[in-house]
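Here are my notes on the model, as numbered points. Have the structure open while you read.

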Amino acid sequence: RKGSEVDGGQLKTVLERSRFEVFLYTDKNSAFIKETLEKAAMENHNDADCILVAVLSHGDNGEIEAYDKEYLEETLWTPFSADKCKSLAGKPKLFFIQACRGDSKDAGVTTDGGVTADGGATSGSSSSPALTIPTHADFLIAHATVPGYVSWRNQLEGAYFIQALCRVLENQADTDDLVSILVKVNGLVAAKTINQHWKQIPSFRCTLTKKVMLCKKN
């Protein structure tokens with residue numbers, strides 16, 4: 001997709017500043033994607049704080065396009081549930097999906113004003129005793145748009161969701177937790193009018209049990 005190289009490069013830069021070890025893959029088929037995710041889930045992540053997977057592609061109704069065919073979104077996070085990837089149990093598993101989720105386009109509505117709010121869970125102690133945790137705890141899955149709708153990108157400057165995400169991470173990773181950052185990203189994308197007519201709103205679902213800070217390197 002034209003523009004993906006811009007988004008991928010900026011994401012790589014921002015995440016490396018937040019101490020991630022980044023692997024970038026381009027135009028891979030569905031078998032490669034599935035195998036890479038399963039291998040990552042089998043690694044020993046005892047020394048890692050979290051894992052983050054970002055996908056930039058076309059998509060529709062719960063499916064994402066690989067180079068050869070579509071695959072289910074669940075393919076991305078299923079290998080990392082606590083019962084399958086024990087070294088990431090209790091650690092954040094973060095997924096960012098830049099892809100359409102349908103064909104509908106949002107023209108928006110006019111209102112007199114609105115209210116925004118930040119949110120996030122409180123952090124637990126690293127010295128707490130071992131606990132039995134829900135299998136699907138500590139996931140955050142962020143989409144560029146809501147179900148049924150298209151997501152927009154500029155072929156030269158990149159996708160609106162990814163560009164907003166990179167901008168907020170660059171400026172506020174040291175002060176805001178990830179949920180608060182995503183709320184601000186929602187606000188930035190929602191404020192844009194695309195092609196003089198269309199609107200877009202990202203969405204995310206969260207089972208995190210503690211705040212996540214993607215602080216930059218000192």
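1. Salt bridges to start with: a search over the whole structure turns up five of them, a salt bridge being a side-chain nitrogen of Lys or Arg within 4 Å of a carboxyl oxygen of Asp or Glu. Keep in mind that this is a predicted model, where local features need pLDDT of at least 70, side-chain atom pairs count only at pLDDT 80 or more, and totals for chains, interfaces and linings use all residues. Residues are numbered from 1 along each chain as its sequence is written, and side-chain values use heavy atoms, with hydrogens and water left out.

2. One of the salt bridges joins K12 and E16, at 2.8 Å from N to O. K12 and E16 sit four residues apart in helix α1 (residues 4-17), so about one helical turn separates them. Helices here are DSSP runs of H or I with at least four residues, strands are runs of E with at least two, and both are numbered from the N terminus. K12 is partly exposed at 28% relative accessibility, and E16 is partly exposed at 31%. For the cut-offs, buried is under 20% relative accessible area, exposed is over 50%, and partly exposed lies in between (1.4 Å probe, protein chains only).

3. E35 and K39 form another salt bridge, at 3.1 Å from N to O. These two are four residues apart in helix α2 (residues 30-42), again about one helical turn. E35 is partly exposed, with 40% relative accessibility, while K39 is exposed and lies on the face of α2 turned away from the buried side, as does exposed M42.

4. Staying with α2: its 13 residues reach 19 Å from first C-alpha to last, close to the 18 Å expected at 1.5 Å a residue. (The expected span is 1.5 Å times one less than the number of residues.) Its buried residues are S30, I33, L37, A40 and A41. Down the axis of α2 they fall within an arc of 100°, so they line one face of the helix; the arc is taken over the directions from the helix axis to the C-beta atoms. That buried set packs against β1, β4 (70-72) and α3 (74-77), where contact means heavy atoms within 4.5 Å.

5. Which residue does K184 meet in a salt bridge? The partner is D176, at 2.5 Å from N to O. D176 is buried at 13% relative accessibility, whereas K184 is partly exposed at 27%.

6. Now the sheet. Four strands make an open sheet in the order β1-β5-β6-β9, with mixed pairing; two strands pair if DSSP finds at least two bridges between them. At the edges stand β1 (51-56) and β9 (203-206), each with a single partner strand, so one side of each has no neighbour in the sheet. Neighbouring strands are turned by 10° against each other on average, direction ignored. Axes are lines fitted to C-alpha atoms (for helices, over the stretch in contact), and angles run from 0 to 180 degrees between N-to-C directions.

7. Pair by pair, β1 and β5 run parallel and are joined by six bridges, with I51 opposite K93 in β5. β5 and β6 also run parallel, through five bridges, and F96 stands opposite A142 in β6. In contrast, β6 (residues 139-143) and β9 are antiparallel, with four bridges between them; L140 faces C206 in β9.

8. Helix α4 (residues 160-172) packs on the sheet, touching β1, β5 (93-98) and β6, and its direction makes about 135° with that of β5. Helix α5 (residues 178-191) lies across β5, β6 and β9, at about 160° to β9.

9. Is β5 enclosed or open? Six of its six residues are buried, so β5 is largely enclosed by the rest of the structure. K93, F95 and I97 point one way from the strand, and L94, F96 and Q98 point the other way.

10. Zooming out, the protein chain has five helices and nine strands, in the pattern α-α-β-β-β-β-α-β-β-β-β-α-α-β along the sequence. Of its 218 residues, 40% count as buried. Among contacts between residues at least 6 apart in sequence, 78% join residues at least 24 apart.
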